[in-house]
Amino acid sequence: MASRHLSRSIAMQSLYEWDFWSKKPGALDPIVKRNIQEFGPGLESVDFIWQLVRGVVEHLPQLDAIIEKAAPEWPVNQITVVDRNVLRLGLFELLYENRDEVPPKVAINEAIELGKNFSGESSGRFINGVLGTVFRELEGGLK
(Lines give C-alpha, C1' and ligand atoms only; values in the text may rest on other atoms or scores of the structure.)
Protein backbone atom coordinates (compact mmCIF):
# COMPACT_ATOMS: atom_id res chain seq x y z
CA MET A 1 0.00 0.00 0.00
CA ALA A 2 1.44 3.37 -1.00
CA SER A 3 2.45 5.54 1.94
CA ARG A 4 0.04 8.40 1.10
CA HIS A 5 -2.86 5.96 0.78
CA LEU A 6 -1.90 4.36 4.10
CA SER A 7 -1.63 7.83 5.63
CA ARG A 8 -5.14 8.66 4.41
CA SER A 9 -6.43 5.39 5.87
CA ILE A 10 -4.89 6.14 9.26
CA ALA A 11 -6.22 9.70 9.19
CA MET A 12 -9.72 8.46 8.31
CA GLN A 13 -9.68 5.78 11.01
CA SER A 14 -8.55 8.35 13.57
CA LEU A 15 -11.21 10.87 12.57
CA TYR A 16 -13.81 8.08 12.59
CA GLU A 17 -12.95 7.08 16.15
CA TRP A 18 -12.83 10.68 17.35
CA ASP A 19 -16.19 11.46 15.69
CA PHE A 20 -17.72 8.22 17.01
CA TRP A 21 -16.88 9.26 20.57
CA SER A 22 -18.58 12.67 20.11
CA LYS A 23 -15.42 14.62 19.20
CA LYS A 24 -14.18 14.84 22.78
CA PRO A 25 -11.70 17.69 23.21
CA GLY A 26 -8.14 16.47 23.60
CA ALA A 27 -8.97 12.94 22.50
CA LEU A 28 -7.85 13.17 18.88
CA ASP A 29 -4.06 13.37 19.33
CA PRO A 30 -3.81 10.17 21.40
CA ILE A 31 -6.07 8.38 18.91
CA VAL A 32 -3.87 9.43 15.98
CA LYS A 33 -0.67 8.45 17.81
CA ARG A 34 -2.08 5.01 18.69
CA ASN A 35 -3.28 4.42 15.12
CA ILE A 36 0.08 5.44 13.69
CA GLN A 37 1.79 2.94 16.00
CA GLU A 38 -0.69 0.19 15.18
CA PHE A 39 -1.21 0.65 11.44
CA GLY A 40 1.77 2.67 10.21
CA PRO A 41 4.97 1.33 11.75
CA GLY A 42 6.73 1.26 8.36
CA LEU A 43 5.84 4.79 7.30
CA GLU A 44 8.85 7.00 6.66
CA SER A 45 6.94 10.13 7.66
CA VAL A 46 3.72 10.72 9.54
CA ASP A 47 3.54 14.42 8.64
CA PHE A 48 0.88 13.84 5.98
CA ILE A 49 -1.37 12.09 8.52
CA TRP A 50 -1.16 15.03 10.90
CA GLN A 51 -1.65 17.50 8.05
CA LEU A 52 -4.88 15.75 7.04
CA VAL A 53 -6.25 15.30 10.55
CA ARG A 54 -5.48 18.84 11.68
CA GLY A 55 -6.75 20.28 8.40
CA VAL A 56 -10.07 18.48 8.67
CA VAL A 57 -10.54 19.55 12.29
CA GLU A 58 -9.59 23.15 11.52
CA HIS A 59 -12.10 23.34 8.65
CA LEU A 60 -14.77 21.04 10.12
CA PRO A 61 -17.67 23.55 10.11
CA GLN A 62 -16.96 24.59 6.51
CA LEU A 63 -16.57 20.97 5.35
CA ASP A 64 -19.84 19.91 6.99
CA ALA A 65 -21.67 22.88 5.46
CA ILE A 66 -20.39 21.91 2.01
CA ILE A 67 -21.48 18.29 2.54
CA GLU A 68 -24.97 19.44 3.51
CA LYS A 69 -25.17 21.70 0.46
CA ALA A 70 -23.91 18.98 -1.92
CA ALA A 71 -26.15 16.27 -0.40
CA PRO A 72 -29.18 18.17 0.95
CA GLU A 73 -31.23 15.00 1.43
CA TRP A 74 -28.54 13.69 3.81
CA PRO A 75 -27.96 15.83 6.91
CA VAL A 76 -24.37 15.32 8.06
CA ASN A 77 -25.40 13.64 11.31
CA GLN A 78 -27.41 11.05 9.32
CA ILE A 79 -24.51 10.04 7.08
CA THR A 80 -22.65 6.99 8.40
CA VAL A 81 -19.63 7.89 10.53
CA VAL A 82 -17.24 6.31 8.01
CA ASP A 83 -18.75 8.06 4.98
CA ARG A 84 -18.94 11.37 6.81
CA ASN A 85 -15.23 11.28 7.65
CA VAL A 86 -14.18 10.05 4.22
CA LEU A 87 -16.13 12.97 2.73
CA ARG A 88 -14.45 15.39 5.12
CA LEU A 89 -11.01 14.08 4.17
CA GLY A 90 -11.77 14.14 0.46
CA LEU A 91 -13.19 17.65 0.64
CA PHE A 92 -10.24 18.89 2.66
CA GLU A 93 -7.85 17.59 0.03
CA LEU A 94 -10.01 18.88 -2.81
CA LEU A 95 -10.39 22.37 -1.37
CA TYR A 96 -7.35 23.09 0.76
CA GLU A 97 -4.43 20.96 -0.43
CA ASN A 98 -1.93 22.01 -3.07
CA ARG A 99 -3.38 20.85 -6.42
CA ASP A 100 0.14 20.12 -7.72
CA GLU A 101 0.64 17.61 -4.89
CA VAL A 102 -2.92 16.26 -4.81
CA PRO A 103 -4.78 16.76 -8.09
CA PRO A 104 -8.57 16.88 -7.63
CA LYS A 105 -9.14 13.55 -9.38
CA VAL A 106 -6.62 11.89 -7.05
CA ALA A 107 -8.38 13.33 -3.99
CA ILE A 108 -11.74 12.08 -5.28
CA ASN A 109 -10.45 8.62 -6.26
CA GLU A 110 -8.66 8.16 -2.94
CA ALA A 111 -11.83 9.08 -1.06
CA ILE A 112 -13.88 6.65 -3.15
CA GLU A 113 -11.39 3.85 -2.40
CA LEU A 114 -11.48 4.62 1.32
CA GLY A 115 -15.26 4.49 1.23
CA LYS A 116 -15.26 1.16 -0.61
CA ASN A 117 -12.63 -0.34 1.70
CA PHE A 118 -14.07 0.80 5.01
CA SER A 119 -17.79 1.10 4.30
CA GLY A 120 -19.07 -0.52 1.12
CA GLU A 121 -19.66 -0.34 -2.62
CA SER A 122 -22.65 2.00 -2.30
CA SER A 123 -20.51 4.31 -0.17
CA GLY A 124 -18.10 4.67 -3.06
CA ARG A 125 -20.94 5.83 -5.30
CA PHE A 126 -22.28 8.23 -2.66
CA ILE A 127 -18.82 9.72 -2.02
CA ASN A 128 -18.20 10.03 -5.75
CA GLY A 129 -21.52 11.86 -6.17
CA VAL A 130 -20.90 14.35 -3.38
CA LEU A 131 -17.26 15.07 -4.25
CA GLY A 132 -18.06 15.15 -7.98
CA THR A 133 -20.76 17.76 -7.35
CA VAL A 134 -18.36 19.93 -5.36
CA PHE A 135 -15.63 19.51 -7.99
CA ARG A 136 -17.96 20.52 -10.82
CA GLU A 137 -19.01 23.62 -8.88
CA LEU A 138 -15.35 24.46 -8.21
CA GLU A 139 -14.45 24.06 -11.86
CA GLY A 140 -17.42 26.17 -12.90
CA GLY A 141 -16.39 28.88 -10.44
CA LEU A 142 -12.77 28.80 -11.58
CA LYS A 143 -13.57 29.57 -15.21
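Modeller: Let's begin with what a surface patch is: residues with over 30% relative accessible area and no salt bridge, where like charges are joined within 9 Å and nonpolar side chains (Val, Leu, Ile, Met, Phe, Trp, Tyr) within 5 Å. This is a predicted model, in which local features need pLDDT of at least 70, side-chain atom pairs count only at pLDDT 80 or more, and totals for chains, interfaces and linings use all residues. Residues are numbered from 1 along each chain as its sequence is written, and side-chain values use heavy atoms, leaving out hydrogens and water.

Biologist: Which residues make the nonpolar surface patch?

Modeller: Y16, F20 and W21 make the patch, and its area is about 330 Å². Accessible areas come from the Shrake-Rupley method with a 1.4 Å probe, and for residues only the protein chains shown count as cover.

Biologist: Why is Y16 called partly exposed?

Modeller: Buried means under 20% relative accessible area, exposed means over 50%, and partly exposed is in between. Y16 has a relative accessible area of 30%, so Y16 is partly exposed. You can find Y16 in helix α1, which covers residues 3-20. Helices here are DSSP runs (H or I, at least four residues), numbered from the N terminus.

Biologist: What makes E110 count as buried?

Modeller: The relative accessibility of E110 is 18%, so E110 counts as buried. E110 sits in helix α6, residues 104-118.

Biologist: How do you know that E110 forms a salt bridge with R8?

Modeller: A salt bridge needs a side-chain nitrogen of Lys or Arg within 4 Å of a carboxyl oxygen of Asp or Glu. For E110 and R8, the closest N and O atoms are 3.7 Å apart, and the two form a salt bridge. E110 is in helix α6 and R8 in helix α1, so this pair ties together parts that are 102 residues apart in sequence. R8 counts as buried too, at 4% relative accessibility. The C-alpha atoms of E110 and S9 are separated by 9.5 Å, although these residues are 101 apart along the chain.

Biologist: How many salt bridges does the structure hold?

Modeller: There are 10 salt bridges in the structure. In one of them the side chains of R84 and D19 meet, with 2.7 Å from N to O. That pair links distant parts of the chain, with R84 in helix α5 (residues 81-96) and D19 in helix α1, 65 residues apart. Both R84 and D19 are buried.

Biologist: Which residues are linked in a network of salt bridges?

Modeller: The network links D19, K23, D64, R84 and R88.

Biologist: What makes E139 and R99 a salt bridge?

Modeller: The closest N and O atoms of E139 and R99 are 3.2 Å apart, and the two form a salt bridge. This pair also links distant parts of the chain: E139 is in helix α7 (residues 121-142) and R99 is in the loop between α5 and α6, 40 residues apart. E139 is partly exposed, with a relative accessible area of 28%, and R99 counts as partly exposed at 32%.

Biologist: What should I notice about the phi of S22?

Modeller: Most residues other than glycine have a negative phi. S22 is not a glycine, yet has a positive phi of about 65°. The phi of K23 is positive as well, about 50°, and K23 is not a glycine either. S22 lies in the loop between α1 and α2, and K23 is placed in the loop between α1 and α2 too. With a relative accessible area of 62%, S22 is exposed, while K23, at 31%, is partly exposed.

Biologist: How are α2 and α3 oriented to each other, and why?

Modeller: Angles under 35 degrees count as roughly parallel, over 145 as roughly antiparallel, 65 to 115 as roughly perpendicular and the rest as oblique. Helix α2 (residues 28-39) and helix α3 (residues 47-58) have axes that cross at roughly 155° and come within 11 Å. Therefore α2 and α3 are roughly antiparallel to each other.

Biologist: Why are α1 and α3 called oblique?

Modeller: α1 and α3 pack at an angle of about 40°, with their axes 8 Å apart. Therefore these two helices, α1 and α3, are oblique to each other. In helix α3 you will find V53, which is buried, with a relative accessible area of 1%.

Definitions and conventions: Buried < 20%, exposed > 50% of the residue type's maximum accessible area, 1.4 Å probe, protein only. Axes fitted to C-alpha atoms, helices over the stretch in contact; angles between N-to-C directions.
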